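I opened the notebook to record what I looked up, in the order I looked.

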Amino acid sequence: MVRTAILTVSDRGAAGQREDTSVQEIRRLLQSGPFVEVDYQVVPDEQAMIRAKIRLWCDQDTVDLVLTTGGTGLAMRDRTPEATREVIEREVPGLAELMRAHGVASNPLAALSRGLVGVRRKTLVVNLPGSPAGARESLEAIVKVLPHAVDTILGEQRSASEAWHN
Amino acid sequence: MVRTAILTVSDRGAAGQREDTSVQEIRRLLQSGPFVEVDYQVVPDEQAMIRAKIRLWCDQDTVDLVLTTGGTGLAMRDRTPEATREVIEREVPGLAELMRAHGVASNPLAALSRGLVGVRRKTLVVNLPGSPAGARESLEAIVKVLPHAVDTILGEQRSASEAWHN
Amino acid sequence: MVRTAILTVSDRGAAGQREDTSVQEIRRLLQSGPFVEVDYQVVPDEQAMIRAKIRLWCDQDTVDLVLTTGGTGLAMRDRTPEATREVIEREVPGLAELMRAHGVASNPLAALSRGLVGVRRKTLVVNLPGSPAGARESLEAIVKVLPHAVDTILGEQRSASEAWHN
């Protein structure tokens with residue numbers, strides 16, 4: 001099972017002024033695969049708080065996958081990718097590209113998501129957009145690849161590049 | 001209206017040895033949307049000059065969008081993306097990806113454009129290729145999204161990720 | 001002719017425990033264009049060794065193109081992109097995007113290749129995946145553009161952006 005933690009990044013969500021419908025979309029998609037939700041938190045769009053939460057999860061050895069939702073756009077307070085970049089050790093650009101390419105096919109605004117994907121220690125971190133539709137479409141694009149990605153990070157699988165078509 | 005400044009980066013252009021046909025293509029496309037040209041300059045392929053000009057425009061609070069053309073290729077003096085990276089605070093990789101994906105569909109050489117997109121303060125900076133066809137095809141791919149992007153940066157719109165499909 | 005050096009990055013390959021079938025795929029593809037192989041080495045997945053080898057080739061003025069294969073995935077020892085980033089001076093993201101987009105069309109796992117492309121001095125460096133199929137499909141996506149890219153770096157061609165559709 002892929003131990004998954006979800007971080008909703010939203011000023012209004014953290015203030016209790018917005019129902020978190022994005023996490024519901026994420027949970028629905030996770031049911032299609034070998035994922036188990038081990039934590040869920042809501043933080044405001046504060047770079048230091050986002051960074052601290054991701055880092056804590058990655059360094060605990062209890063979370064294989066961190067999914068963030070929110071803070072990937074162009075508004076002045078959208079800083080989730082910057083927070084993520086500060087803590088990841090290796091970037092996985094292809095997953096971010098795939099999410100955007102999939103989204104753009106139905107809505108050109110998907111190109112404005114600045115979401116980043118990367119690895120810290122043995123945890124994969126994925127930035128999803130904040131809207132329910134954006135989060136769902138982005139996660140749909142990559143959800144089937146995530147278990148393999150996590151297995152590779154954990155060393156339970158030949159590396160992804162070796163497994164490609166073999 | 002999106003207050004737009006255009007920067008042509010070209011050694012020959014700055015020396016008066018090349019007619020700037022790329023800016024004409026850019027102007028034609030800008031007429032299709034809510035853009036107003038507020039400045040236009042030509043500089044040689046000097047990283048420090050490109051950087052200084054972009055920074056000045058971004059820090060004046062009079063320009064919402066900077067479009068550069070030229071200096072995105074592989075020639076030794078092509079340094080526009082490097083100059084841009086030095087001044088942007090937040091990268092917008094999806095717009096650069098979209099420009100290249102659109103260009104590659106008609107010409108594989110579009111993959112060689114190293115153009116970067118990012119935000120400094122409240123200004124969006126977009127690197128377009130230097131050829132008239134390259135500048136036109138790249139700008140075509142994103143021109144409809146640019147007003148929304150600028151509105152989001154200015155805070156006049158819900159964030160792009162929230163607006164996605166809502 | 002494009003003077004090409006191939007670097008296989010593989011712990012098992014360097015230990016003589018794995019036949020290098022990926023290099024055979026690469027060689028077959030190179031026969032379709034103006035490439036001449038000038039060197040071939042195998043190193044383990046050690047970031048410092050990968051970095052040193054790429055840098056040496058780039059700084060010798062005898063190699064126009066470095067193709068690496070291996071070490072682009074998510075396994076803990078996959079560090080080829082990190083080694084490459086340490087030595088390149090200018091990134092060429094469009095070639096990495098094109099390789100992944102091409103690969104994803106036949107296999108979603110291609111999104112997990114973290115391969116980087118960039119230029120150091122007058123040499124182009126391309127990270128290919130380690131599996132024979134991954135290396136072949138990635139190189140197929142860009143092989144026709146590589147001679148033009150190298151010519152542009154060497155100054156024997158108008159810049160790629162100027163040549164686009166002209």
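**Conventions.** I am working on a predicted model, in which local features need pLDDT of at least 70, side-chain atom pairs count only at pLDDT 80 or more, and totals for chains, interfaces and linings use all residues. Residues are numbered from 1 along each chain as its sequence is written, chains are lettered from A and ligands numbered from 1 in the order in which they are written, and side-chain values use heavy atoms, with hydrogens and water left out.

**Chain C against chain A.** I looked up the contact (heavy atoms within 4.5 Å) and found 29 residues from chain C and 24 residues from chain A. The two chains bury about 2300 Å² between them, with 64% of it on carbon and sulfur atoms. Buried area is the accessible area (1.4 Å probe) lost by two parts on being put together, summed over both. On the chain C side, Leu74(C), Met76(C) and Leu112(C) supply 25% of the area buried against chain A, more than any other three residues.

I then looked for a salt bridge (a side-chain nitrogen of Lys or Arg within 4 Å of a carboxyl oxygen of Asp or Glu). The count between chain C and chain A is one. Glu97(A) pairs with Arg100(C) in a salt bridge, and their closest N and O atoms are 2.8 Å apart.

I sorted the chain C side of this contact by class: twelve residues are nonpolar, nine polar and eight charged. Here Ala, Val, Leu, Ile, Met, Phe, Trp, Tyr, Cys and Pro count as nonpolar, Asp, Glu, Lys and Arg as charged, and the others, Gly among them, as polar.

**Pockets.** A pocket is an open set of points on a 1 Å grid over the protein atoms alone, where a 1.4 Å probe fits, with protein on both sides within 12 Å along at least five of seven lines; lining residues have an atom within 4 Å of a point. Volume is the space filled by probe spheres set on the points, which are joined across faces, edges and corners.

The largest pocket holds about 1100 Å³ of space. Its lining has 43 residues, and the closest to the centre are Arg85(A), Glu91(A), Glu91(B), Arg85(C) and Glu91(C). I sorted that lining into 16 nonpolar, three polar and 24 charged residues.

The second largest pocket holds about 400 Å³. Of its 21 lining residues, Ala101(A), Glu97(B), Ala101(B), Glu97(C) and Ala101(C) lie nearest its centre.

**Whole structure.** I found 39 salt bridges over all chains. Asp64(B) and Arg3(B) meet in a salt bridge at 2.9 Å, N to O.
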